[in-house]
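Trainee: Please take one part of this model and go through it closely. I would also like to know how that part sits within the whole.

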Amino acid sequence: MIDFGFTLSETRTIDYEQFDGRLLNYVLQNEPSFLTCLSCGGCTATCSAGNLIEFNIRKINLLLRMGEYEGLAREIDKCMLCGKCILICPRDINIRNVVMLIKKGIVKYKNE
Amino acid sequence: MNNYLPELFTWPFILGTSYLLILVIVRFVRWFWGLSKYDKIRIWKGLRTRKTLRSIKESFTEGLLHRKIFKTNPVLGYMHMSLAFGWFLLIVIGHIETIIAERSLHFPFHYAIFSRFYHTSSHTSIISYIMASVMDVLLIFVLSGVFLAYLKRFKSSVFGMKHSTRLKSGDRIALAALWCIFPFRFLTESITAGVHNNGGIISQTVGKLFASVLPVDVIMYPAWFAYSLALGFFFVALPNSRYMHIPAEIFFIFLRNYGVKLKKRINTYSLVQVFSCSRCGICLDTCQLDLAGIHTQSVYVLKNIRNKNLTDEVLFNCLLCGRCQQVCPVGIEMNDLRITQRIESTRQYNSSYDYLKEGEVRKSKVIYFAGCMTHLTPAIKQSMIQIFNYAGIDYWFMDEDKAPCCGRPLMQAGQYDAAEKLIENNRQKILHSGAEKLIVSCPICYKVFYEDYALHGVHVQHHSEFILELVRSGLIPKNAGTFRMIYHDPCELGRGSGIYEQPRELLKHYGQLIALKKEKEDSLCCGGSLSNIKISMQKRDEITNLAIDVFKSYDPDILVTSCPLCKKTFTRVNKVEVRDIAEIVAGAIENKQSAKRHMTHQMKKHVKPTLV
């Protein structure tokens, strides 16, 4: 690799050769509204689970896009599905569907 | 006539009937077998009680007369009644007629069905002529139903229905056969009457007419064959079509009366309910999703369950408002059925929530649980605090700072195992506080607290019930205002928990309550329900707007509800002023307090100069 004079953190690298985009595609195809997320953080601010433990929908989005499915599975389990986020979201994203799709997708693609 | 072997033309009928009988019996046995041990004991114990009589009566009123369909839609009710009850009478009176003609109780079954073929003699007595005429009139009665059925298929608006259900191939065969049976019967019996110069008042006349223009001798046998063929086809197609609902509904009525209940797992009782759906389509017109162009109504879900092709998109796209359940003439428990399907669908990924901590507990007789949604509508929370303080009640605000969700939204999504974890956490806190009363502001929480929390010794109350109690005991001021108010029943509080009267009684102390055409059991859903995982916000808004248009036609000053989610949903479209019932009461308290302040202020102003 060419030395540009700075280092790359392993965890932040997305290796496109290895990238498994099945879950990402599954979620975005079934809930395209998630594409419009502008990371405003309204969902996190109102979140019932986020009030009890560190939990962040924007982080979920990031993990999903990075293909970090192990971390994603751990994170997504924190959601209580209470539904405050969908009422807050300025982009009308159906976040609860995103959560359910990720949960289902993780089980689905783990076995394939 | 050969008495040992039935005539050739009767074979389609005999084969069809035998196939149907065997299949229905096999299914009944299998369904019974699949029930839990306790359900079997329940049925066994119920057999010799009044429950059996009640089931027989109900099978008659619902299975034959279709009383409930009559209530919702008289024309549709008449169609079903003329077909079911008319056919039933034709069979019964046909048998009596044959008994008289044969002068015996022992004769092959098909003799009664094809009575006119076997009994060719002209009328020997006035009785046989009357019997034949009665049969004619009954047949016309059934034919009127068939005619309506044609009409419904091609122009459902005649029935005041916007939709007719979509059919699959098994249904098509059965429907075509059913449509043919009675016209064929009428033609055949008339032709036969023309040949033998007998028949009743109608068939004789028509028969004579036929005899004058048609070679009735030649076409008589083929006509009987066609009639028998139509019957045979119908009976063969019946178990594989929606008409399976006829035997299944009767089985369902018996099981329901013996006290069999739906479980959290799919069992054969859920199957019985699935098969009992007649696909009448009444649930289509009552569903608000339909107005937003979403076609995931109960009738389709039941069909998908039966055909084993239910998708998540259909299953989770439902508000679980319970309006279809309310109008279903068969009484299928659609919400519970859908939830059991959701449980199956999401079984593999329930969360453990192992991060939940025990948390602080305060000893108190009264607990207030606002709920997630109430935290999003702070005016309701503030009003409740004001009411508690004014009435001088010592309470513990359980979820003021940190508490998990009540668990109900997870349950609506089918995640029962996950919800159990949240329930246990909250439950321990409530029990440890030594509370006697739990006041809840959100109907979604309210339902789960009294249904699934097993809080023995704790009286769970929705805030509308609680405030009414306070008003009755004089702790809270009344204020007969002149506001024109509409009360919107939240689904979870009304149809879900049966609380209709308390909020209305409370509101009558604070203004003028307008009665609506669609209220209480019939009330509309706001469209915000958390039970629907799939619906987009835009579609939700469509539903909300349509509901608000209905409310606005009554020209109210305020739309009052008692659910924070309903309030949030209605305020989102911003067309009418929306308040929670607690805000109305808190407003009255506010008025009284400010009047008092004003008075003391005035008095001080007034008194001061004289003092100086």
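Mentor: In chain A, 66% of the contacts between residues at least 6 apart in sequence join residues at least 24 apart; two residues are in contact if their C-beta atoms, placed from the backbone, lie within 7 Å. This is a predicted model, where local features need pLDDT of at least 70 and side-chain atom pairs count only at pLDDT 80 or more, while totals for chains, interfaces and linings use all residues. Residues are numbered from 1 along each chain as its sequence is written, and chains are lettered from A and ligands numbered from 1 in the order in which they are written.

Chain A has six helices and zero strands. Helices (H or I, at least four residues) and strands (E, at least two) are DSSP runs, numbered from the N terminus. Of the 112 residues in chain A, 38% are buried, meaning that 20 or more other C-beta atoms, placed from the backbone, lie within 10 Å of a residue's own; with 12 or fewer it is exposed, and in between partly exposed.

Where chain A meets chain B, the contact takes 22 residues from chain A and 21 residues from chain B. On the chain A side, α5 (84–88) and α6 (95–111) are the elements that give two or more residues, and α6(A) has the largest share with six residues.

Chain B has 28 helices and eight strands. Its radius of gyration, taken over C-alpha atoms, is 32 Å, well over the 25 Å that the globule rule (2.2 Å times the number of residues to the power 0.38) gives for 612 residues, so chain B is more spread out than a compact globule. Along its principal axes, the C-alpha trace of chain B spans about 125 × 55 × 45 Å. An automatic or database domain assignment sets the domain bounds, and domain 3 of chain B covers 366–471.

The open sheet has four strands in the order β2-β1-β3-β4 (chain B), with parallel pairing; two strands pair if DSSP finds at least two bridges between them. At the edges stand β2 (395–397) and β4 (459–462) of chain B, each with a single partner strand, so one side of each has no neighbour in the sheet. From one strand to the next the twist averages 25°. Strands β1 (residues 366–369) and β3 (residues 437–440) of chain B pair in the parallel sense over four bridges, and B:Tyr368 stands opposite B:Ile439 in β3(B).

Helix α23 (residues 443–452) of chain B lies across β1, β3 and β4, and runs at about 160° to β4(B). Axes here are lines fitted to C-alpha atoms, for helices over the stretch in contact, and angles run from 0 to 180 degrees between N-to-C directions. How much of α23(B) is buried? Seven of its ten residues are, so α23(B) is largely enclosed by the rest of the structure. Those residues are B:Pro443, B:Ile444, B:Cys445, B:Tyr446, B:Lys447, B:Val448 and B:Phe449. Their cover includes the strands β1, β3 and β4 of chain B, together with α19 (372–376), α21 (408–412) and α27 (564–573) of chain B. Just after α23(B), B:Ala454 takes a positive phi of about 50°.
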